Each structure stands twice: as structure tokens, then as C-alpha cells.
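The following note sets out points for a colleague reviewing this model. They are numbered so that each may be checked against the structure itself.

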Amino acid sequence: MAGVRFLLVSLFILVVIALACNEKMFTGSVDCDKCYSEKPEVEKLFVYLTFNEDIDEIPLVLYKGDIEDNHIDYIDTAWAANGNPYWVMVEVEQDYSIRAEYRLARKTIYAVDETRLQVKHVSDVEVCDVECWVVEDNTMSLELKDDFMEKGP
């Protein structure tokens, strides 16, 4: 009985230590060309949009946190001529929400998405030859489905 209790206490302590470090360990497959030698503070956030012959510009509002909190971080317009995805530099380990305004012939559609850019430590030197850092969850999709693109009321 004492052995089981010791094992449970030891396991609990290990979990607490792992969570206290606030460092995510990454051991899966990684593109080593996108691996940083030092922990990054900012990273590109890629936003995928829908451009077509009727939509060549899309107003965007980027928020820190939830849209409802209204902490506007960045306002811009994405242009089809600049390509897709649109991107902006943002802080890592921060929650972001974004709103795109699609202006169609007879209606306006708002598309929203949210993410938190996660920085993870690659500790397995067999993966990239050296320890490094990767950023995950740095994409947002504000693409419209074809159903929304239909013209009409």
C-alpha cells in the first residue's frame, strides 16, 4: 500500500513539474527549416481568404483575445493582387481572433476564426540535429464556402 501511495505521489509531482515549466515538448515530425534556435517572440500568422472575380479586397480586423473583448490589434485590407494567404506578424503564446468582411452584390458576410500560436520545444536532437523551437497553430481560415458565394438576396 505504501508503494502505491509513493508511486502516485511521485507521478503527481512529475505532472506538476511538467506543467509548471510552461514549455511544450514537441517530438513529432517537424520541418527543420521552420525550426528556430531560440524561442521566438513573434511569428507570421497566415490567414486564408476567398478571392474571386467579384471579391478582390477584404477588410480585416485582428483582435487580441476574443472579438467580444474588442481589443483591436490590427486593421488592414487584404488584396487579391498580394496573394493568398494574407499574413501579419503577431506575438506567440497569445490568443487572436480575426474578422473578415466579404462584400457581395446584395449582402455582407462576416467570417471569423481564432487561434493561439503555440511555441513548442523540439528536444529530440535526432529530429533536427539540434534542440530548437517550432510554432504551431499559426493559420486561420476565413474562406467562404460556395453556398455563401451564390448571388441573390
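1. Aromatic pairs are taken as rings of Phe, Tyr and Trp (its six-membered ring) whose centres lie within 6.5 Å, with planes under 30 degrees apart called stacked, over 60 edge-to-face and the rest tilted. Under this rule, the number of aromatic pairs is zero.

2. On the basis of the model: this is a predicted structure, in which local features need pLDDT of at least 70 and side-chain atom pairs count only at pLDDT 80 or more, while totals for chains, interfaces and linings use all residues. Residues are numbered from 1 along each chain as its sequence is written, and side-chain values use heavy atoms, with hydrogens and water left out.

3. On the overall content: the protein chain contains three helices and ten strands, where helices (H or I, at least four residues) and strands (E, at least two) are DSSP runs numbered from the N terminus. Their order along the sequence is α-β-β-β-β-β-β-β-β-α-β-β-α. Of the 153 residues in the protein chain, 31% are buried; buried means under 20% relative accessible area, exposed means over 50%, and partly exposed lies in between (1.4 Å probe, protein chains only).

4. On the three-stranded sheet: an open sheet with mixed pairing has the strand order S5-S2-S10. Strand S5 (86–91) and strand S10 (139–141) are its edge strands, each pairing on one side only. From one strand to the next the twist averages 25°, the axes being lines fitted to C-alpha atoms (for helices over the stretch in contact) and the angles running from 0 to 180 degrees between N-to-C directions. Pairing of two strands requires that DSSP finds at least two bridges between them.

5. On the pairing of S2 with S5: strand S2 (residues 42–48) is antiparallel to S5, and six bridges link the two. Within this pairing, Glu-43 stands opposite Val-90 of S5. Lys-44 lies over the face of Trp-87, 4.1 Å from the ring centre. The criterion for a charge over a ring is that NZ of Lys or CZ of Arg is within 6 Å of the ring centre and within 35 degrees of the ring normal.

6. On backbone geometry: most residues other than glycine have a negative phi, and most peptide bonds are trans. The peptide bond from Asn-84 to Pro-85 is cis, with omega near 15°, and Pro-85 is placed in the loop between strand S4 (72–79) and S5. Glu-93, although not a glycine, has a positive phi of about 55°; this residue belongs to the loop between S5 and strand S6 (95–103) and is partly exposed, at 24% relative accessible area. Asp-137, also not a glycine, has a positive phi of about 65°. Asp-137 is found in the loop between strand S9 (132–136) and S10, and its relative accessible area of 43% makes it partly exposed.

7. On strand S9: four of its five residues are buried, so S9 is largely enclosed by the rest of the structure. Strand S8 (residues 118–122) runs antiparallel to S9, joined to it by five bridges. In this pair His-121 stands opposite Trp-133 of S9.

8. On the disulfide: how many disulfides does a search of the whole structure find? The search finds one, a disulfide being a pair of cysteine sulfur atoms within 2.5 Å. Cys-35 and Cys-132 form it, with their sulfur atoms 1.7 Å apart. The torsion about the S-S bond is about 90°, so the disulfide is right-handed. Cys-35 is in the loop between strand S1 (24–26) and S2, whereas Cys-132 is in strand S9, so the pair ties together parts that are 97 residues apart in sequence. Both Cys-35 and Cys-132 are buried.

9. Thr-50, in the loop between S2 and strand S3 (57–64), counts as buried at 14% relative accessibility. The Thr-50 side chain reaches the backbone nitrogen of Leu-144 at 2.7 Å.

Notes
A polar contact is a pair of N or O atoms within 3.5 Å; within protein, one must be able to donate a hydrogen and the other to accept it, and residues adjacent in sequence count only if both atoms are side-chain atoms.
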